[in-house]
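Here are my notes from a first pass through the model. Have it open while you read.

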Amino acid sequence: MTDADLVLGYLNPNFFLGGRMAIRADMAHAALAELAEPMELTPEEAAAGVYEVVNATMAAAVRVVTLERGIDPRDFTLLASGGAAGVHVARLAEEFGIAEVVVPANPGVGSAVGLLASDVVTDHVRTQVVDSVGVDASVIEAIYTELEAVAVAEIGAEGFAAGEIVLEREIDVRYHHQAHELTVPLDGDNLDGAATAFGDLYEQLYGIRQADPVEFVNYRVRVIGPVPKPDWSTDQVAVQPPVPLSYRPAWFDGTMADTPVYRRHTLLPGPTIAGPAIIEEISSTVVVPEGWNATVDRHLSLVLRPG
């Protein structure tokens, strides 16, 4: 995919990892030329085909976690994380009719940032099948109390004080005679509320709501020790429209055309960049297709919208 992105002009061979990593664009062109020849295509046309195949593969993954679970992706913003995501994300959004894309600051090192900024979490679970009809809530409450005591002691050993930790309860619920459960939040000891939440989720996923009683199966406790989060927000606003750093040929609308290239660290909230455009940074590149606009929000995220 990197070879194809180079041939399509989306990636800058002289700015890979901010120019610190050498990359052989000539070998990428040779590889795509070899692929293109049997199909009687140009290297750029073959690279565009690779790009579309990869987009389709990514779209299949989005479909699994949305449409196949009864979730309409149009109700959401698409978040791009990872160094390569920004090259594809607008086209994925088009595929599903998603009207907004967010590319956070430093997306290419998102995993490293997450490792440093993720909360410390401990999870505990216990199984005991209990019929919702005539349930003794005190029995289940005792299970949660015991699990929470162990989890709080564990998180305390990590240096978190009792006053700063967060306790969450969840419960796995199923209809009678079923082998699989769904996990829903539990508010205190409100088992009726959990049964209702299970029915709502089941109907969302499977399109029906059964009148059968339910069983409570697994009791889950999560204790969270919060870790400070990085703050990349800014109160600055750009007073002038951004000026492209350069132009380079890139593939848009079926042809190679000179395309403005911006450096992301120079962009501030305010002005709009109209596609087609390329916005590059040390760890990532964002492609703004024709018919899309890009702006920067106060958190220094790029926000892409059609129109």
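1. Ground rules. This is a predicted model, in which local features need pLDDT of at least 70 and side-chain atom pairs count only at pLDDT 80 or more, while totals for chains, interfaces and linings use all residues. Numbering starts from 1 along each chain as its sequence is written, and side-chain values use heavy atoms, with hydrogens and water left out.

2. The sheet. Four strands make an open, antiparallel sheet in the order β3-β6-β4-β5. β3 (120–131) and β5 (182–185) sit at the edges with a single partner strand each, so one side of each has no neighbour in the sheet. Strands here are DSSP runs of E of at least two residues, helices are runs of H or I of at least four, and both are numbered from the N terminus; two strands pair if DSSP finds at least two bridges between them.

3. One pairing close up. β4 (residues 166–175) and β5 pair in the antiparallel sense over four bridges. Look for I171, which stands opposite V184 in β5.

4. Helices on the sheet. α6 (residues 137–157) packs on the sheet and touches β3, β4 and β6 (214–225), its direction making about 165 degrees with that of β3. α7 (residues 191–206) also packs on the sheet, touching β4, β5 and β6, at about 130 degrees to β5. Contact means heavy atoms within 4.5 Å; angles run from 0 to 180 degrees between N-to-C directions, with axes fitted to C-alpha atoms, for helices over the stretch in contact.

5. Helix α2. Which residues of α2 are buried? They are A25, A28, L32 and A36, where buried means under 20% relative accessible area, exposed over 50% and partly exposed in between (1.4 Å probe, protein chains only). Seen down the axis, these buried residues fall within an arc of 70 degrees, so they line one face of α2; the arc is taken from the directions from the helix axis to the C-beta atoms. They pack against α1 (2–7) and α3 (43–65).

6. Aromatics. Rings of Phe, Tyr and Trp (its six-membered ring) pair if their centres lie within 6.5 Å, and planes under 30 degrees apart count as stacked, over 60 as edge-to-face and the rest as tilted. That gives seven aromatic pairs. Y175 and F198 have ring centres 4.9 Å apart and planes at 65 degrees, so they are edge-to-face. Y175 is in β4 and F198 in α7, so the pair ties together parts 23 residues apart in sequence.

7. The rest of the cluster. Ring pairs link Y175, F198, Y202 and Y206. Y202 is buried at 10% relative accessibility, whereas Y206 is exposed at 51%.
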